[in-house]
Amino acid sequence: MLGKTRRLNILPIALFFAFAVYMMPGLAGDAFAKEAFAEQAFAEQAFAKEVMAADDDAEGEGEPEIEWSQDVFYKDFEGNPLKGPVSGAPAPELGENDYNNYEFAPSRIILWMANQQHLYFGSFVLAVPIFCMLIEFVGIRSRESDPVMAKKYDMLAHDLMKVSLTAYSWTAILGGILLFTFITLFPGFFKYMATIFRPVMHVYALMFLAESGVLYVYYYGWDKMNDGGFLKWVHCSISVLLNLIGTVLMYLANSWATFMQAPGGIDEQGRFLGNIWHVIHSTLWNPVGVHRILGNIVFGGGIVGAYAAYHYLTARDEETKAHYDWVCYVAMFICIFGLIPLPFAGYWLMKEVYAFRQQMGITLMGGIMAWLFIIQAVMIGLLFFAANSYLHNSMSRVQGSQRYMKYCKYMVLLLIVCFTMWMTPHTIVMTPAELKEMGGAQHPIIGHFGVMSAKNTAVNLMIVTTILCFLLYQRANKKITVPWATAGNCWITAIFVGAALNIIFLGVYGYFLPANQRVGLSVPQVTTTLTTLFAGTAINISMFKDSESMGDIKWGTQSKVGTYAIFLLAISFTWLMGLMGYIRSAVRLFWHVTEVLRDNSPDAYTLTIGEAGKMLTFNTLFVWVQFVVVFWVASLSAKPAAAKAPDAVPVPAQQQ
Amino acid sequence: MLPEQQDILWTFLSLAFTVFALYVFISVIQYCREREDVSLKFWGGIFGGFLLVMFLETVHMFDLNQVQQLSFFFGKMCLTMILLLLVWGIFFKSTKIENQSPPIIRAFFWWTTISVLLAGYTNWLPQQRSDPPPKAAAFIGEVTMEEYAEMGRVIIFGTKQVAGQKAIGKGQCPLCHTFDAGDNIGRCPNLFGVNERGATRVKEDRYLNEPVKVGDKEPKSGIIKGAPDQIPEEYRRAGAGGYDSMTGEDYIRESVMCPTCYVVKGFGKAGDKVSPMPVIVKPPISLSPVEVNAVIAYLQSYTTPGDYANVTVPLPSADGGAAEETAESDEEAPIFVTGAEPIDEIINTLGCPLCHTIPGIEGAEGELGPKLHEKINAAKRIKDPRYKGKATNTKEYVRESILNPSAYVVMNEEENELYPDGLMPQDFKHKLSVDAIDKLVDFISQTEG
């Protein structure tokens, strides 16, 4: 038992470590990045001026002078626009000849489809190696204490990589389709982007080559390097390398999108100012990168969960059912772990959007895109419902969970109340008569729930409820025996009650502050939620030391409702991912590159919500059809010998 | 998607339905071949029939445009699908086959249902399409101050207004500013009475010193504060002087060209030292000199409807900057409708949706004037004792209402009072060709709720 209890910490710690590795450079780095790069750029600028002055002196008059121009984003120490040597042609004024089209669909829709499908697959193939790295690591670490479980972890990672390998080729094909679509339908726009990003595109292609090489060594070397010793560690290290390359790839591709949305490194005419790093590292680069990593993890977890849920439903014997039930659990655990910090990364991204152009932020939150954010709120609510539904249903198969099941209904009630508040719009379209009857654009009572104070409160309470649900799930089959059990329980209760009160207090306090100060209250609210997450989980896990098990989890007895909750989560997240991608891209309105390169195509309008919604549904269904095909193709290869089932049905680390 | 093109979602789903029908057919054939007591001919015939119908319906979907596809998909194809599922269930029940639809089928229906419900939800919400603004303002001939101020209103609010929702034009001002007295959304100052306020504000100490001193250059915009005579020439007021002669117009002009020259207390960043407002004459908004003046004309006059005595900006002249723009923008936004345009373009160009709800025209949900359900209403109105016009049929009535709106003023039954007379422009006869008026009359005569 002692050995098992020690192993219990491995997966959360590994996950935490992985998040820290990915997020710290972005979060910590960004705080200093702009200043540091401004400093560097300032020095470069001064140096370049000196060199030019020297050249001028040496060559005398009559030589062509280098033209200097102001950066649209970067600033020097005094807050004045940074200057750089003009190193490229201005953005072109695109005309009819710069756009091509087919008769059956607008070019913009075709490009959107190609882009979204590639992004979905790209997201999946970037997420799976992260899972594999973690799962393989956990497998290696638990080799001595539980060899059977270690083997199961190893096989799971291997199976996932097999699926990922097929998906990888598919992603590359979709990337090719995207590239050809872009070149053929938007040649003028592509030419400008290619001119600016020429070196980045080549590096990207080379990184893709490196990613492929490492991926093949990692997958095909699995069995040969599985010696249980040094080579296995080397193999696991290759997965770290694979993820590093994958992350660089994603960040390079992100730079194109973030440049289009919030450019830097060019002047007002779109002329390149000679520093490619400025172009790559535009203001949204880091938040979009972190947001996408977290999103990829949730998306990947959803797909793997759905894959396992499907196999669970089709399994004909108990052993297979137990296995896939367990895989569902692992996938959902990773998925929810990524889901919880995702809104905070979203806040960071929006903060940077507002910092870039307040007008762009308001277009998103209060302008033409505002309804899309209401839809996003509904989707997030749906995700939390699905996640909680899975946890509630999963609890029923854990012996000893009856102690906590009675609280589920209250949690559902709280979720419904918060969800209702979360999706209450600030204003809605009304006839003048309705407007008059209600006494204004906002309802006298319900209108209070439409503002950010209420919404921040609601979503933080939903996250705290999900955390509580997860902690109860963790301890469902444990009899706590540590001497400080009562004190520990009191602490956990105090943390959750205190957090709820603090979040509500801050929410109410916000109504008494002006709008610009009210926004700042979201920071302590989020901090409260994160404190609850880390402190609550840490105390909860610490209390499991020497705990007595009230019985194993009955793997393979997951209810159908719980299984379909996984499907719901997977499909909802796919749709949500498409929605947020559309919002991020569409906020440029009629610009290819914001304020620099105008979209003069017939498709430059912003779609109605309904048109966008139909496209999102199509993209979602279409990509899932492809996923099914990919899974089917992956299953065609010979199946490896099944791991010998342990005498007792295996219980994953978190449950013992 | 263009109206004449197919809808990508319904086309995809119809294809998926056909694949499903094929799967069901094959699956049923397999069951029948495994069991001797089940009639292959009978069940194969039924499900083969379903497959054929589904296939033909899918082929037909490619002949329809997206509006027709919507009704056909939900009216016919979904019905066929429900019948297919029903008969499939009867097949399983009657043949006592326990192993029913595999999870992949159930998962597909689950996924499809959720996704289509989400698409339905997005279509249930208010729909607003945002078109890119024209590259430059369009002007032909002489304009009155009323028209010029109206142009300013359109730049601020756009052409379409929906009650309860902030309409937004090229200038994007309502994203942050409010315009009605007492209205405040907390982002930026209310602009009610800004002309008068501006004239007195420039004399205040705070204006003289914060955040930029009068006479200093604000770096972001390059504008010298409190110096109307040093504004870039194309935007400069004719006869502008120095600080001592600053007017409300100068204050507004400076505010849009250099928002950080003066930041209203409580609405700035960094301790009210920096304005969050973009420079309106630069991208992405990039108002031209004529447009800036139009906005100023609107701001100076909207608090006193019909009275333009406070407006100090000059009308655009044919030989000024506006004339230069005319040459390049003639084709982009003509205010004379030739009749060659599609009907929705004619209606939107004339601004009808601003006041009227017009069935068949997207976004035409105005409430200031009567709903245009003329197919039925016109005949009733001709018979109304209050009617003094000359029309004897629907088309004549519609033509008369457009060319002479005051001939008959419709009763607002919700409010139990007449709709305001004189609100509708009286000069459509100068804006419409004979073809255009015919086209418009033909369309509106057929509108019904």
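This is a predicted model: local features need pLDDT of at least 70, side-chain atom pairs count only at pLDDT 80 or more; totals for chains, interfaces and linings use all residues.
Let me begin with chain B. Chain B holds 14 helices and 4 strands, and 33% of its 449 residues are buried. Taking the contacts in chain B between residues at least 6 apart in sequence, 56% join residues at least 24 apart.

I turn now to the cores. The largest nonpolar core contains 200 residues, and those with the most contacts inside it include A:Phe131, A:Cys328 and A:Ile566. Helix α3 of chain A, residues 107-141, gives the most to this core, namely 19 residues. Leaving aside residues up to four places away in sequence, A:Phe131 touches A:Leu160, A:Gly300, A:Val304 and A:Ile334. Another core, of 38 residues, lies apart from it; B:Ala149, B:Val202, B:Val263 and B:Val295 are among its members.

Next, please consider helix α9 of chain A, residues 318-339. Its 22 residues reach 31 Å from the first C-alpha to the last, close to the 32 Å expected at 1.5 Å a residue. Of those 22 residues, 18 are buried, so α9(A) is largely enclosed by the rest of the structure.

Finally, how do α21(A) and α1(B) cross? The axes of α21(A), residues 609-636, and α1(B), residues 8-34, come within 8 Å and cross at roughly 35°. This crossing is left-handed. On the side of chain A, the residues in the contact are A:Lys614, A:Met615, A:Thr617, A:Phe618, A:Leu621 and A:Phe622; they meet B:Ile8, B:Leu9 and B:Phe12 in α1(B).

Terms used
Residues are numbered from 1 along each chain as its sequence is written. Chains are lettered from A and ligands numbered from 1 in the order in which they are written. Helices (H or I, at least four residues) and strands (E, at least two) are DSSP runs, numbered from the N terminus. A residue is buried if 20 or more other C-beta atoms lie within 10 Å of its own, exposed if 12 or fewer, and partly exposed in between; C-beta atoms are placed from the backbone. Two residues are in contact if their C-beta atoms, placed from the backbone, lie within 7 Å. The expected span of a helix is 1.5 Å times one less than its number of residues. Axes are lines fitted to C-alpha atoms, for helices over the stretch in contact, and angles run from 0 to 180 degrees between N-to-C directions. A crossing is left-handed if the near helix is turned anticlockwise from the far one by less than a right angle, and right-handed if clockwise. A nonpolar core is a set of buried Ala, Val, Leu, Ile, Met, Phe, Trp, Tyr and Cys residues joined through C-beta atoms within 7 Å.
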